[in-house]
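Visitor: Please give me a close look at a single part of this structure, and show me where that part sits in the whole.

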Amino acid sequence: MSKDFYTQFILPYAGIIIKICRAYTDTEEDFQDYYQEVCLQIWNSRKNFREESKWSTWIYRISLNVCMSLLRKSKKKQFRPSDYIEVQNVPDEQNSFQDESLKLLYKAIRQLSELDRAIILLYLEEKSYKEIAAIIGTTSNNIGVRITRIKKQLKNLLDGKIY
């Protein structure tokens with residue numbers, strides 16, 4: 001991966017990637033693996049981008065798909081990425097591993113189904129129901145119903161402190 005590509009097309013969207021990777025991982029090591037794999041897949045699929053959506057939407061789709069895929073693989077067996085890339089300067093947003101309230105929120109989000117995680121992450125990024133529906137591949141009405149249910153589920157998890 002060229003440093004120019006990373007700096008121009010990935011780094012400005014690192015916050016998106018970090019939040020999604022963080023929601024699908026429990027440890028710093030797993031986070032780094034997921035982040036690297038997402039960056040690699042963005043690089044590998046860059047020629048498939050047809051500009052039918054915004055670049056940020058493309059980043060969301062790839063990030064969510066990669067994280068959900070890695071999560072499924074890790075449930076079957078211990079994940080060991082074979083294609084490492086060197087990612088430099090992961091932005092400070094990864095320090096969410098130190099903030100206790102964020103840890104608790106991410107722990108609650110990880111209790112959700114894979115699809116619900118994706119939806120709530122996009123909602124927390126202030127995406128409209130229409131944008132979320134386009135990324136997930138469903139209707140705006142369905143997203144509205146799911147978000148209401150997810151909020152209730154997260155409130156119950158957080159009120160019980162998740163334990």
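Guide: The accessible surface of the protein (Shrake-Rupley method, 1.4 Å probe) comes to about 9500 Å², and carbon and sulfur atoms hold 46% of that area. This is a predicted model, in which local features need pLDDT of at least 70 and side-chain atom pairs count only at pLDDT 80 or more, while totals for chains, interfaces and linings use all residues. Residues are numbered from 1 along each chain as its sequence is written, and side-chain values use heavy atoms, without hydrogens and water.

The protein has eight helices and zero strands; helices are DSSP runs of H or I with at least four residues, strands runs of E with at least two, numbered from the N terminus. Of its 163 residues, 44% are buried, meaning under 20% relative accessible area with a 1.4 Å probe, protein chains only.

The part to look at is Arg22, in helix α2 (residues 14-23). Arg22 is buried but has no salt bridge, which would need a side-chain nitrogen of Lys or Arg within 4 Å of a carboxyl oxygen of Asp or Glu. Asp26, the nearest side chain of opposite charge, is 5.7 Å away; in this count Lys and Arg are positive, Asp and Glu negative, and His and the chain ends are left out. A polar atom of the Arg22 side chain does lie 3.2 Å from the backbone oxygen of Thr25.

Tyr24 is in contact (heavy atoms within 4.5 Å) with residues including Leu64, Met68, Arg110 and Leu121, leaving aside neighbours within four places in sequence.

Technical notes: Buried < 20%, exposed > 50% of the residue type's maximum accessible area, 1.4 Å probe, protein only. Polar contact = N/O pair within 3.5 Å; in protein donor to acceptor, adjacent residues only side chain to side chain.
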